[in-house]
Amino acid sequence: MILWRAGYRNALRHPWLTVLAVIGVSLGVAVVSAVDLANRAAERAFMIAAETVAGRATHQVVGGPSGIPEDVYRRLRLTGHFDNSAPVVTGSLQPVAKPGTTFQVVGIDPFAEPPIRSFSSNFTDRGTLTSLMTTPGSVLMLPETAEELGIKRWQSLPVEVAGARRDIALAGYLAPPDQVARLGLGSVMVCDISTAQELLGMTGRLSRIDLVVPEGAAGEQQLKEISALLPGDATVIPAGTRASSLDRMTRAFRLNLTALSLLALMVGMFLIYNTMTFSVVRRRRLIGMLRALGVSRREIFAMICGEALLIGVAGTALGLACGKLLGGELTRLVTRTINDLYFVMEVGRLPLLPGALVKGALLGIVATLAAAVPAALEATGAPPRAVLSRSVIEARHRKLLPLAACGGVLLMAAGGLLLLYEGGGIVGGFAGLFAMIIGYAMAIPAVVVLLVNGVRPLFSALFGVIGKMAARGVVVSLSRTGVATAALVVAVAAGIGVGIMVGGFRLTVQTWLESWLQADVYLRSADFGSGRSHPPLDPALVERFSRLPGAGSFSLSRRASMETPEGFTEILSMEVPSTTFLGYPFKKGDPRRAWPSFQRGESVLLSEPYSLRHHLKVGDRLTLRTRQGAVSLPVSGIIYDYGSDTGIVIMSRTGYLKYFDDPKVDGMSFYARPGVSTAQLAAEIRARGGGQRLTIITNKELKKATMTIFDRTFAITGVLRILTLVVAFVGILSALMAMQVERARELAVLRAVGLTPLQVLGVICGETALIGLLAGVLSLPLGILEALILVFVVNLRSFGWTMQFQVDPAYLVEAILLSVTAALLAGLYPAASIARTSPALALKEDE
Amino acid sequence: MRPLILALAGATLLICLAFLLVSGRNGAGPAGKEMAMSVGEVLGGNASAGFSRAVAPRPFHFPEDHGPHPGFRNEWWYFTGNLQGADGQRFGYQLTFFRVSLLPQAVQRTSRWTANEIFMAHFALTDVRGKRFRFAQRYSRAALGLAGAGGRPLSVWLEDWAARETEAQPWSMKLAASDDGMSIDLDLQSLTPEILNGEGGLSRKSGTPGNASYYYSLPRMRTSGTIRSGKDTFRVSGFSWLDREWSTSALEANQVGWDWFALQLDDGRDLMFYRLRRSDGSVDPFSAGTLVTADGRSIGLRREDVRLEVKSWWNSPASRSRYPAEWRLRIPSENLDLQIVPRLENQELLTSFRYWEGAVAVSSNAGVVGGSGYLEMTGY
């Protein structure tokens, strides 16, 4: 009882310290749970959507880049008698009134559906099926989706789909059989297959054919028979493939976010450690007296842990609440990035995910307790008399320094080994990174002593006695300053590391764009979705634009994606002038030697991530499923590409037309004739567009737009970086404030012996500024080390991108300024309060 | 008559159940009585606006009228038959194609999946010795060659179930269908000219004008070919019956079910009669039939010409419904007194619209004349 009261009084006397500790925990928990929530929400959204849409299908027939010819389905039904099969045409659309919101269009044949899916519909009259099948643009959706879009039954809604503005009409409602299906259908519009073909410009083609095949030998036989009926570029894959390949595609991205959020938690832990240590040290007299009075070690231990638990619970509760809010925002960012980089998806409503909350809560409380244990041990470890002595603690602490430093160095070495081990994967990369950070942090107090002893003469020369005192203060109170410095270093270094990495990446992309985008004007169909591939251009238009007087030459391109048992393969086919080809950013291979066979469609180029993921080098052969069956083509070059981390296969249009039944073009680019300006060329194209909805963009604008997307993608990284810094800032603030508040008596003595309030301020601020400066300086090597690990290990393993490494001095200056500012700010409050209090009063205070 | 209500029910069920069916194969539909009610309710509106209606007798032209009549909402080709194997095994089969139009006029759209018509087909096989009754149901839109009717020579098909014209004179068709555990491959040749039912082919269903269909039959088609029941294949021969009907009819609210007889007698006479039952248990005055004499004359039958008695009942274990099992059918004016017994008790189709349709043996109470036939019972 007395213990609890003591703890309670203690908290009341320094409410701000308690509040800061709670804030520290809550920030860490908030960041972790928000990132977890966002990741899981995104993952759930595409998994459930993929599974709901797949229904009971066990297998799927998938085709080439433009899908499967619809006659394949008739053949399956009429010749093959496979009645457990259902055709599907899918794509996406965006309501005009809700730009940025994407819906998946799922076109089905209701009569083939029963064995596959049960998106049942409440048909109350024959009108629903009739209009679904006979009225162009009729769709079904969930009642709540209709409400969100503000439409009622039979009303129409303007949408952007396949590069055109069309009207769809709500013919009826989907009635999902259960809650999971309801979640999966949140961003889905179901329509007849004819409507889907017309809306998506896929007349004559199917996206896939869903199959229900029994298990065992009978099923194997059926699959064999089905395969025999398929054209060369079509194949049968298990139905689970899609969901898992979507998962695989985004796993690296999501893992990186989680690691960044753990960094925030780690900084938060430093904070808690700091607070708890301080609260123990400050109460050493009290604890000593309690021990002398007969309070057992166990009880003291329980008291410290109980306090930590309270802080942990309060901070965690607050953190979870903030995490939920933050999670909504992060989900939006994550969704946008996935849309930009991977595939079109939509997270309708943020579901309540108990898993994420429980994980966040556990992490918060356990981390708090873990951080409090050293302090609790310190309080109980020493005999009662020794506890009373502050100097004993400091002495013991200093004895531990070499040990901690050695441990740190060992840990860093272990981290280094982990990083060098190629097979470690992304997790290994992050484990190495964290080992480096923790090891470095452990060595920091020892380094601080060395450095402070080094700068002390300088301080005393510059600021006299006050300077000397400030410098000594840092060393003397190392039990606090050491940890505070380490926390600050870790946070600031993370800022530097991530900053350098993003900066280097940005520079890399800029350089890459220079060699990748060589034409003067680019044309593609207007597209309001944020997906990577664009709707095809009208062939008549392509024909018309091929004879542009202002253009010296032009290129045609088509970006299409093919589903394989291993996931999606993106194929970029291009008809480009040889000069453009020769200017491509080759990583491996000789453009001059590659050109002839590439042009004839007899070899392909791979993007760097593709070659890394599939372990293909120049000279290896890539096997593609084409309409002539499996075709094996040599790889004549590896080029840098930062558009896709799954990688792309690049082939000439000649080859593409030969291998795939897809004459469509989705992009054109033009090279201005000498004497014609880019603006003139763009105007000429615009004039000939003839009212078509096109995006005409000049080279400069396109580069700018690409960089905008780049920045948008890394917005989330930036946000996390700032959050980590905020956690660190709060950390250093609380640590230094705690330290100075504790020294109230000592400072009062200084006042009593004649130091003016200004001089006291000088001592305090000098001390904190020195800590800030040390932290800033110490964070530089760690930050650069982190950037190196991120660029050369984590990113390469996660995304397969080679990046330039460039240390922008701005990040370094920023880091030092930041830490010094934080430290100075932390010194101001205690200094001001000391200055205000009369020394006599402060001296009278017992403690 | 019989398939009329069935098809209307089928059409509605297409709408109600296409998305709801647990399985296209054997999803048990709601009880027939309730269905018949809801069919009446659903089709009671003006859903038929714009479609042609059977109002007055019309001239029939063959072989054109064997083909589809797209202006009408519903139409069917209804084949049933009693067949015998070389060593006397008896089989019954049913292969029915229903055409349902969604709109009176075809829609012009670019997708080849665009369809204004839906086809539904039922296929059933009765193996009397093996005591097995198998049935299957299919749906499809009339698009992309998946299902359709038309052409010269005529084809009516739903995926790989098909009836195709093989000869125009005498009218001959080839039927082919297969499903789990059963298949048929039969050649049918008509032995009679087309028999027009009702008033020169106009078959009235109720007092409401337009609630009528155009209805003709080919009651005796010589049939031979092969069937497969389970793992065994049999060469078979016998007689088939083709009913053709098209309409844009609505069902009266008080009509709840019907019993339909199509009997081929050994003396060369063919008898079709349907009894429409009302919700109050009485027999609808629009019940009617046609008797074709051995020399090809047809005699119209009204309700009062035919006496029907249920001699025994059968309880379906699957649907728990009670169906009449044995019948006595008398036509005093024609001196007919027939005993009608199902060749197999259980010939119930648990399709989206549940009904009993199966092969029956006919014997004369006086022992003078025997025969075979098909019986359909709905609304039980």
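This is a predicted model: local features need pLDDT of at least 70, side-chain atom pairs count only at pLDDT 80 or more; totals for chains, interfaces and linings use all residues.
**Exercise 1. Is B:E159 buried or exposed?**

Step 1: Find B:E159 in the loop between β6 and β7 of chain B.
Step 2: Note the phi of B:E159, near 50°, which is a positive value in a residue other than glycine.
Step 3: Count again. B:E159 has 22 C-beta neighbours inside 10 Å. The cut-off for buried is 20 or more, so B:E159 counts as buried.

**Exercise 2. Find how the axes of α15 and α26 of chain A are arranged.**

Step 1: Pick out the two helices, α15 (residues 425-476) and α26 (residues 757-799).
Step 2: Take the distance and the angle. The axes come within 8 Å and cross at roughly 155°.
Step 3: Angles over 145 degrees count as roughly antiparallel, so α15(A) and α26(A) are roughly antiparallel to each other.

**Exercise 3. Which residues have the most contacts inside the largest nonpolar core?**

Step 1: This core has 330 residues, and those with the most contacts inside it are A:V489, A:V490, A:F670 and B:F97.
Step 2: See what contributes to it. Helix α2 (residues 15-54) of chain A gives the largest share, 22 residues.
Step 3: Zoom in on A:F670. Beyond its neighbours within four places in sequence, its contacts include A:A519, A:V521, A:L548, A:F554 and A:I685.

**Exercise 4. Describe chain B and find cis peptide bonds in it.**

Step 1: Begin with the secondary structure of chain B, which comes to two helices and 23 strands.
Step 2: Turn to burial: 53% of the 380 residues of chain B count as buried.
Step 3: Go to B:R152 and B:P153, which are joined by a cis peptide bond with omega about -5°. B:P153 lies in the loop between β5 (147-150) and β6 (155-158).
Step 4: Move on to the bond from B:Q169 to B:P170, which is also cis, with omega near -5°. B:P170 sits in the loop between β7 (161-167) and β8 (172-179).

Key. Residues are numbered from 1 along each chain as its sequence is written. Chains are lettered from A and ligands numbered from 1 in the order in which they are written. A nonpolar core is a set of buried Ala, Val, Leu, Ile, Met, Phe, Trp, Tyr and Cys residues joined through C-beta atoms within 7 Å. A residue is buried if 20 or more other C-beta atoms lie within 10 Å of its own, exposed if 12 or fewer, and partly exposed in between; C-beta atoms are placed from the backbone. Helices (H or I, at least four residues) and strands (E, at least two) are DSSP runs, numbered from the N terminus. Two residues are in contact if their C-beta atoms, placed from the backbone, lie within 7 Å. Axes are lines fitted to C-alpha atoms, for helices over the stretch in contact, and angles run from 0 to 180 degrees between N-to-C directions. Angles under 35 degrees count as roughly parallel, over 145 as roughly antiparallel, 65 to 115 as roughly perpendicular and the rest as oblique.
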